[in-house]
Structures are given as C-alpha cells and as structure tokens.
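Thank you all for making the time this morning.

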Amino acid sequence: MLMLQRVSKARVAGPVGALLRWSSTVRLTAESYPQVKRLDFGQITPQTVDFFKSVVGESAVVTDQDDLLFYNEDQMRKYRGQSSLCVKPKTTQQVSEIVKYCHEHKLALVPQGGNTGLVGGSVPVFDEIVLSLSGMNKIRSFDHTSGILKADAGLILENADNFLAENGYIFPLDLGAKGSCHIGGNVAANAGGLRLLRYGSLHGSVLGLEVVLPDGTIYDSMNALRKDNTGYDLKQLFIGSEGTLGVITGVSILCPARPKAVNIAFLGLESYEAVQNTFKRARSELCEVLSAFEFMDRQSQWQAKRFLKTSHPLAQDDPDVDVPEYPFYVLIETSGSCKEHDDAKLETFLESIMEDGTVADGVVSQDESQLKTLWTWREGISEASNMDGGVYKYDVSLPLPVMYDLIEVLRARLDEHGLRSISDASKPVVDVVGYGHIGDGNVHVNVIVREYNKTVEKCLEPYVYQWISDHHGSISAEHGLGFQKKNYIGYSKSEVEIALMKDIKSKFDPQGIMNPYKYL
Ligand code: FAD
Ligand code: MLT
Ligand code: ZN
C-alpha cells in the first residue's frame, strides 16, 4: 500500500515571484571593498544625458537618486553602486547608438536585466551607466510547428512562459525569480534553474542571439536553425558572459512541448546516502518522466518555514510539529503526456522506495494548487535566506558523494570560530542552509547572517573556494562570477583558460567598458 499522506489544499504562500525591494541601508560596494579602485573611464556630463535623451526620449532616462536605487542595489542587498544615470532603450538601434557613444567617450556600462543576479554582476560598482533592458520586452515571433520563440532580451521569463503556455509550449528554463528576471539576463548569466535535468542548459536550447558589441556594432545571429556547423559557434561566447562582451538585445530559443501531466512528490529522508540512492533510483525507474530532482536540508526548511509562515508539507497532520525531524528532503517532479501512465509510474516508484525504507515519509500533489505549494518550499529558500539581514552564497558543483560535506564543514568552521547561533543574536551567523539541484550535481550553500560582516567573510573566503577546488568542483555552478567571485576564478579554471578568456575579452572590448570590475 502507498504510505503517503495527502497534502490538504493549503494556500499557496505567495512571496515567490515578483521580488521584494527595501529602502536602502545597503553599504556602498566601494566602501565595503576599498581595495577596488575606479578605473580611468570617462565621466558622465550634461551632454551625455542630453545625448541619451535625444536617442531614447526623456522618460527613458533616469537621473533621480531615489529612482536610481533599484538599479544601483543588488537582490541580496550586498552591493550598491553609485550610478547617476540609467537608460532604458526600446530598440536594438537605440542600444547601438548608446553603446557607440559610450565607446567613443570611454564611458563604462552595466547591462542590466531584472537585477535578480546573485553575484553582484548586475549593478554598478562606481558610477557606471546602467543600461536597462526593461523597455525591450516584446515577443518578435513564434513558430507553432518548431516551437522556436524569438523575443527581445528584456522579456520577463514568466511572461515568456505564459505566452508559450497558451500555445502548448514551455520555456526550457524555470527559476524562482521568474516574475522579475529577463530572458536576456538568463542567457547572459547562463542560468540553470529547476529543470536543467530535463531540458538541458541554455547552451543547447538557445539557437541564436542579437548582441550589440562594445563599439556599437550589431551582431545578428537570430537563427531558427537547430543545426548549423558553419564556422565557430559565436553565440556560445555570449551565453554566460555576464554582460562583459556586449549587450544581448534578442534571443531565439527552442521551446519544448508543454507537458500535459505534472506530478510532485515531496519526501523526507533520514540520511544523505538515502538522498543519493533515491536519485539513482528515480533516474532509472522514472526515467523519461523525471523532470526535476531537488534537494533541501532540514535547516533550509526551517528557514523557509520562518519565511512562508505556513504548515510544512510533511507536518500537516500534526500542527505541533514545525518542521519534521528528517535531516533531508527531496522534491521530485514528473512531467509527461499521459497522466494515468505517469501516476502509475510514480506510485510504483514511491511504493518501492518507501517499502525498502529508502524514504521515510512523503506527500504527493493532487492538483495544481498543491503542486505550487510544494514548489514554494524549495523555491522560497532563496528569499527566505535573505530575511535576517544578509546571506553569503556559494553555488557549487561537486561530485555527489562529497556534496553535503561542504555544508557540514562550513558549519563546523563557523562554530570553531564562535560565529554561529540561531538563538544568540550577538553571533553574526544565524545558520548555514543547503539545498539545490542535486540532479545536476549543484548545491547551494547559504550562510545566513544578521548583517554582512568582514569576520564572517574572511572565515569563509577563500577557504570555501579552496575546499571546492580540492574536491574537484566548480566555484560557480550557475550563478556566475560577477563581482563576488572575479578574484577566485583560478580555483576552477587553469592559467591557460584564464589567459584565453582575457584575450577574448580584450578582443571584444579593448577599452574594458562593458561591466568592469567583474568576471575576470
Ligand atoms: P540581471 O541580474 O539583471 O543580470 C545578471 C548578469 O547578466 C549581469 O552580469 C548583467 O550585467 C548581465 N545581463 C543582464 N541582462 C543582460 C543583457 N541583456 N545583455 C548582456 N548582459 C546582461 N540562477 C540560476 O542559475 N538558477 C536558479 O535556479 C536561480 N534561481 C533564482 C531564484 C531567485 C529567487 C533569485 C533572486 C535569483 C535566482 N537565480 C538563479 C539567479 C539569476 O541568475 C537569475 O535570477 C537570472 O538568470 C538573472 O536574470 P536577470 O534578468 O535578473 O539578470
Ligand atoms: C535556487 O536554486 O533557488 C537559486 O539558484 C537561487 C538561490 O540559490 O538563491
Ligand atoms: Zn539554483
């Protein structure tokens, strides 16, 4: 018999989606990192502002300090730039004219999408001009036979997916910031997200790009071809380039058919070994219907509980229990085209892993609203980790067997230094939570702090990067390098690789005006 409890029709706890913003108490990046010095770029003058207004119109140029806060501050409230100018073009031609002007006057620029990036890449460090793509948000075309979508880079991911849903298709990327992030920002960051396991990386699904290069030239490869072996595949260079090689203005992307049947199972497990076994079994027994395999530790569920303020899915029958005592949780999603087939497959799988004791407890979704509720316990961890005052984030690829060791090692290190306590507000660190895309070999380690603190930062870095390197991992699985990790790339890439990257950067952008102080 299937030993699953059933989730009640709980309210979908709302805060995931469009992201919250606070009034600024964020320290200037230039003050937090005084070792970083402004480079020899030009200065914005009244003529610059007038020129931009003549290109995009007065209403698309932001100079008011309060209005600029959004563009200067990052999502984690860790970095704050000092830009006095943000420009919001509506066409590729306008982007080209702005970038050409910046090139001629050696003015530094930060391309910005939804500003949901998590490595400080999307905001200025000093007075760089913010080039926001938010005014470029149109769908250009959609081919109903091939599923190829062509759109402006500033289209919000959720809007793209809603449009595709109406046409029976799905965007091949999904992530917690979908209500705010742009598809151009996703490409620039090479975001991975919740369904990479099923749909692969953007390096595979992006078919073409339109990019304004650092001198204003428009590179147009808005292909609708799946196969094209004529020369170097140049678009790949821009995927994951984090605004350092040009401004992405258009995206052509292959979208899969939208699955007709989706199920979620949310499971409690007694050990990390059981998590790995469940993954191995899910791959072979759920096979073609497996679309996501996400992992959360108990501490992450505690944090999500504090944020969502609703009953935990596995505690619903017992209102006295906040979060059950399982050390680990996994969320398994199946997507397919035949509900009866997928239901039967999932049921057989769950029966077998519960009967042999691999999984201790679980619930399955029975309708769309329960499905969304279950996802909030995974997707909500990101914002929940930000609620105490700050978060040091490590987004790591590691071999599965050692993946969770990193979290335990960091907890022990912070304890040795007397820095961590959930209840004692005099300690800077609240807790360390672990969660992530275990199906992709990617874990997120969030060190939740009461405020950003140099002692904590020095205790964590570069220690954490050295540990990852020693264990043959990557210091950035999906969030990128940005400002946070630009000095640490050597922990994941060789000197030869870094030298080649520097060559590419100087070939595209010899003056270094595109998103300086970041990446390399
Ligand atoms: P921004 O944050 O504005 O920019 C990101 C980088 O790309 C910056 O370096 C910026 O300069 C550059 N950029 C932006 N637009 C352009 C453009 N048009 N041309 C050139 N460069 C550009 N990431 C994941 O990989 N997986 C996840 O599951 C995931 N989940 C998230 C959940 C939450 C709640 C949040 C807040 C963030 C999450 N992220 C995740 C991080 C982030 O990468 C994504 O939110 C998203 O891909 C960033 O898109 P954006 O439009 O907000 O870009
Ligand atoms: C996630 O998987 O939730 C994202 O990458 C965001 C995050 O880790 O904060
Ligand atoms: Zn992630």
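Predicted model: local features only at pLDDT ≥ 70, side-chain atom pairs only at ≥ 80, totals over all residues.

**Aromatic pairs and a ligand site**

In general, a pair of aromatic rings is described by the distance of the centres and the angle of the planes. Let me take one of these pairs, Phe52 and Tyr101, whose ring centres are 5.7 Å apart and whose planes stand at 70 degrees, which is over the 60 degrees required, so the pair counts as edge-to-face.

Now to the ligand. Where does ligand 2 sit? Ligand 2 is found in the largest cavity, and the residues that surround ligand 2 are Leu118, Arg378, Ser382, Lys393, Tyr435, His437, His444, Glu478 and His479. Sorted by class, that shell is made up of two nonpolar, four polar and three charged residues.

Which side chains place an N or O atom beside an oxygen atom of ligand 2? Among them is His479, with a distance of 2.6 Å, and another is His444, where the distance is 3.0 Å. For Tyr435, a polar side-chain atom lies 2.7 Å from an oxygen atom of ligand 2. As for how much of the ligand is covered, ligand 2 taken alone exposes 260 Å², and the protein buries 85% of that area.

Terms used:
Residues numbered from 1 in each chain as written. Chains lettered and ligands numbered in written order. Heavy atoms only, no water. Near = heavy atom within 4 Å. Polar contact = N/O pair within 3.5 Å; in protein donor to acceptor, adjacent residues only side chain to side chain. Areas by Shrake-Rupley, 256 points an atom, 1.4 Å probe, with all protein chains shown as cover. 1 Å grid on protein atoms, 1.4 Å probe; cavity = no way out; pocket = protein on both sides within 12 Å on 5 of 7 lines; lining within 4 Å. Sits in = over half its atoms within 2 Å of the grid points. Nonpolar A, V, L, I, M, F, W, Y, C, P; charged D, E, K, R; others polar. Phe/Tyr/Trp six-rings, centres within 6.5 Å; stacked < 30°, edge-to-face > 60°.
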